[in-house]
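Student: I have a chain on my screen and want to learn how to read it. Can we go through it by question and answer?

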Amino acid sequence: MTRSSSTASLVIIFLLVFTSAVAFVPLASKSRKQCSFYSFTRGKVGNENVLETTRMRMSAENPSELSAGIADMLATAQAMNSKPPPSDEVSAMPELKADGVHYIINDNQYRNFLEANSDNLVIVKFSAPWCRACKNLALKLPQVYRDETIGRMPVVFGDFSALHNQDYIRTLNVSSLPSMHFYTNGFRLVENFACGPNVMSFLELKNKIFKFVENCADPRTNQVRVSLRSKLKHWIKSGLNKMVGLG
């Protein structure tokens, strides 16, 4: 066993003794320059027991890479075993972070987010801290967020965490993670689909997002195209107002 493998084993023993949520198993390769690192994360999410198995390949000669991987796994375990914050301590709107995404943590924020962006195209990704595919997708999506064409259009992005929200997300007909919803004209759902790597490639997802924006936004005005349904609602509302005014 190499010195780096011995160090890793000591770290593993420490974690196994002091952490009930995560177990780590390192397997060194024949070359001893890389090791496959497996984690088994157990936690209770709502009424469900969740077990995530993650494999990471990293350099046996790079302690910083190993430390970062362990830190990420521990953060996942901590999130899975956390309790939702009291509702009176959560803001009404989701937090907008530096990456340009609004991070939604409960159903109230979700509804407020859609209502506040009724004049925009809304793209919501449903993810979870225990979902490896969600994490991988999150690393690639900034390519879309920072695209010049998208930047000129009235598009906003949200990320709705399934942590503490499983029951509500099921009512939105989200059956797997990661998934996406496309909205226009407020709460009008245009598409609902799974977007994990076993369903579509990132290129297919990127093209799907661009097609949605192209179909629902007018490039001449950079505004959302109003649907016929919304126009009818507006006409009916205007007509009723006129009738009340005449009365």
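**Rings, charges and strands**

Tutor: Start with a charge and a ring: the charged end of lysine 208 sits over the ring of phenylalanine 193, 4.8 Å from its centre. "Over" means that NZ of Lys or CZ of Arg is within 6 Å of the ring centre and within 35 degrees of the ring normal. This is a predicted model: local features need pLDDT of at least 70, side-chain atom pairs count only at pLDDT 80 or more, and totals for chains, interfaces and linings use all residues. Residues are numbered from 1 along each chain as its sequence is written, and side-chain values use heavy atoms, leaving out hydrogens and water.

Student: Over which ring does the charged end of lysine 97 sit?

Tutor: Look for the ring under that charged end. The distance to the ring centre is 4.8 Å. The ring belongs to tyrosine 103.

Student: How many aromatic pairs does the structure hold?

Tutor: Rings of Phe, Tyr and Trp (its six-membered ring) pair if their centres lie within 6.5 Å. Planes under 30 degrees apart count as stacked, over 60 as edge-to-face and the rest as tilted. By that rule, the number of aromatic pairs is nine.

Student: Are the rings of tyrosine 110 and phenylalanine 126 stacked or tilted?

Tutor: Their centres are 6.5 Å apart. Their planes meet at 50°, so the pair is tilted.

Student: Which elements does that pair link?

Tutor: Helices (H or I, at least four residues) and strands (E, at least two) are DSSP runs, numbered from the N terminus. The two residues are 16 apart in the chain. Tyrosine 110 is in helix H3 (residues 107–116), and phenylalanine 126 is in strand S6 (residues 121–127).

Student: Are the rings of tyrosine 110 and phenylalanine 160 stacked or tilted?

Tutor: Phenylalanine 160 is buried, at 0% relative accessible area. The ring centres are 5.2 Å apart. The planes are at 25°, so the pair is stacked.

Student: How far apart in space are tyrosine 110 and phenylalanine 160, C-alpha to C-alpha?

Tutor: In sequence they are 50 residues apart. Tyrosine 110 is in helix H3, while phenylalanine 160 is in strand S7 (residues 155–161). The C-alpha to C-alpha distance is 7.5 Å.

Student: Which residue in the turn between S4 and S5 has a positive phi?

Tutor: Two strands pair if DSSP finds at least two bridges between them. S4 (residues 95–96) and S5 (residues 101–104) are antiparallel and joined by two bridges. They form a hairpin with four residues between them. The positive phi, about 85°, belongs to glycine 100.

Student: Which residue in S7 stands opposite valine 101?

Tutor: S5 and S7 pair in the parallel sense, over four bridges. Opposite valine 101 stands phenylalanine 157.

Methods. Buried means under 20% relative accessible area, exposed over 50%, partly exposed in between (1.4 Å probe, protein chains only).
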